[in-house]
Amino acid sequence: MKLWDKGISIDKKIEQFTVGNDRDIDLHIAKYDVQASLAHAKMLQTIGILTAEELQLLEKGLQNLASQIENGTFTIDNQFEDVHSKIEFELTKTYGDVGKKIHTARSRNDQVLVALQLFYKAELINIKSKTKDFFETLLELAETHKKTLLPGYTHLQVAMPSSFGLWFSAYAEVLIDDVYLLDAALKTVDQNPLGSAAGYGSSFAIDRHLTTELLEFSTLKYNVVAAQMSRGKSERTIALALGSLANTLARFAMDICLYMSQNFGFISFPDELTTGSSIMPHKKNPDVFELIRGKSNKIQALYHEMVLITNNLPSGYHRDYQLLKENMISAIKDMQDILEIFNYSIKQIEVKSIDLNDSKYQYLFTVDNINTLVENGMSFREAYQKIGNEVQNGTYKPDTSKQHTHIGSIGNLCLENIKSKFPE
């Protein structure tokens with residue numbers, strides 16, 4: 001059951017290799033192929049290819065298939081090459097020649113393109129929503145723990161005083177940068193490619209503005225070759241955005257793993273969120289955060305895969321594009337799972353009180369103490385040398401009373417300003 005079947009049997013080994021696991025992958029985009037087919041059918045009726053009665057039958061059939069997809073009973077058997085051939089077969093089986101008309105003025109190329117664009121659009125919106133949930137959780141934690149001091153580090157050496165409020169809100173604000181890229185990816189896929197057919201348009205007088213409106217795309221990809229060339233470019237753009245978000249999440253997860261260790265001991269989590277060791281009964285392992293880190297790093301590799309598959313392909317369609325779907329869809333689903341479990345887990349973080357009088361933190365306030373000397377009239381270079389000499393000869397006594405008040409410091413987190421920056 002192939003859309004391109006001309007009555008010639010294809011070698012079974014070739015068929016198995018070229019189809020691959022598209023049937024399983026296509027279940028993710030089945031809903032959107034039905035949605036696009038419905039819009040296409042409505043457009044065909046307006047230009048006289050379908051009668052009103054034929055459209056009514058196709059609408060009924062497509063809505064029935066949409067219900068099957070929604071309740072999980074829709075399957076793609078091995079006799080079908082992909083979701084597109086399955087849907088056309090079901091329409092033809094039920095309505096005869098009417099079902100055979102649904103493919104008029106389109107190609108499997110733009111069928112795949114429009115279904116993927118709709119899928120990507122919906123999933124990116126969902127990812128952005130989950131990112132906002134996580135962002136808001138971090139700001140709430142920052143507010144709760146804004147006065148709890150935390151040692152700040154450079155080069156993994158004790159550096160200057162920080163706070164849990166500063167730590168949580170730092171990752172919150174960095175998420176905004178990731179959302180800027182998600183929005184760029186969303187804008188890239190929010191363009192209707194339907195009507196480009198095999199990449200060179202159609203001699204039918206199709207109405208591409210109508211399908212753009214029906215499918216709720218913001219605009220359309222006007223040039224039909226450009227529409228076909230968006231295959232691969234969309235995936236690279238999405239992968240770049242997902243990789244940026246994944247980088248933030250991986251770094252945050254690494255901080256958590258570090259801060260949970262006994263050598264730091266800044267935070268903990270309830271026992272039920274951690275795992276144990278098969279031989280060491282004292283262990284509380286942060287497996288969930290280690291897996292978040294690992295999965296996020298895997299997502300960051302996706303961009304390079306998308307580039308290497310597509311970077312030297314000439315214009316027009318190539319079967320290489322089929323290889324983009326599986327790992328792209330998998331990464332999108334993984335990102336949603338990561339955001340959900342990270343948000344669920346971080347809400348249960350246990351922030352510990354840290355004794356900054358501990359000897360390992362004795363130099364945490366050297367910069368503050370230098371600044372106090374400068375405010376009292378000493379030049380910065382002299383103040384630096386004075387405190388430096390005290391550190392070297394062991395006479396340094398930290399003064400922990402200095403307050404940080406400028407915008408974005410531990411004493412002025414600007415949480416409402418950060419909250420207002422999140423793109424709506």
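## Terms and basis

On a 1 Å grid over the protein atoms alone, a cavity is a set of points where a 1.4 Å probe fits but cannot get out, whereas a pocket is an open set with protein on both sides within 12 Å along at least five of seven lines, and lining residues have an atom within 4 Å of a point. The model is predicted, so that local features need pLDDT of at least 70 and side-chain atom pairs count only at pLDDT 80 or more, while totals for chains, interfaces and linings use all residues. Residues are numbered from 1 along each chain as its sequence is written, and side-chain values use heavy atoms, with hydrogens and water left out.

## The cavity

There is 1 cavity of 30 Å³ or more, and the largest cavity holds about 40 Å³ of space, a volume being the space filled by probe spheres set on the points, which are joined across faces, edges and corners. Its lining includes His40, Met43, Asp207 and Arg208, and helix H3 (30-46) and helix H9 (208-214) each supply at least two of the lining residues; helices here are DSSP runs of H or I with at least four residues, and strands are E runs of at least two.

## The pocket

The largest pocket, with about 630 Å³ of space, is lined by 31 residues, of which Leu166, Trp167, Ala170, Tyr171 and Asp255 lie nearest its centre. Among the elements that each supply at least two lining residues are strand S1 (149-154), helix H8 (164-189) and helix H10 (224-260).
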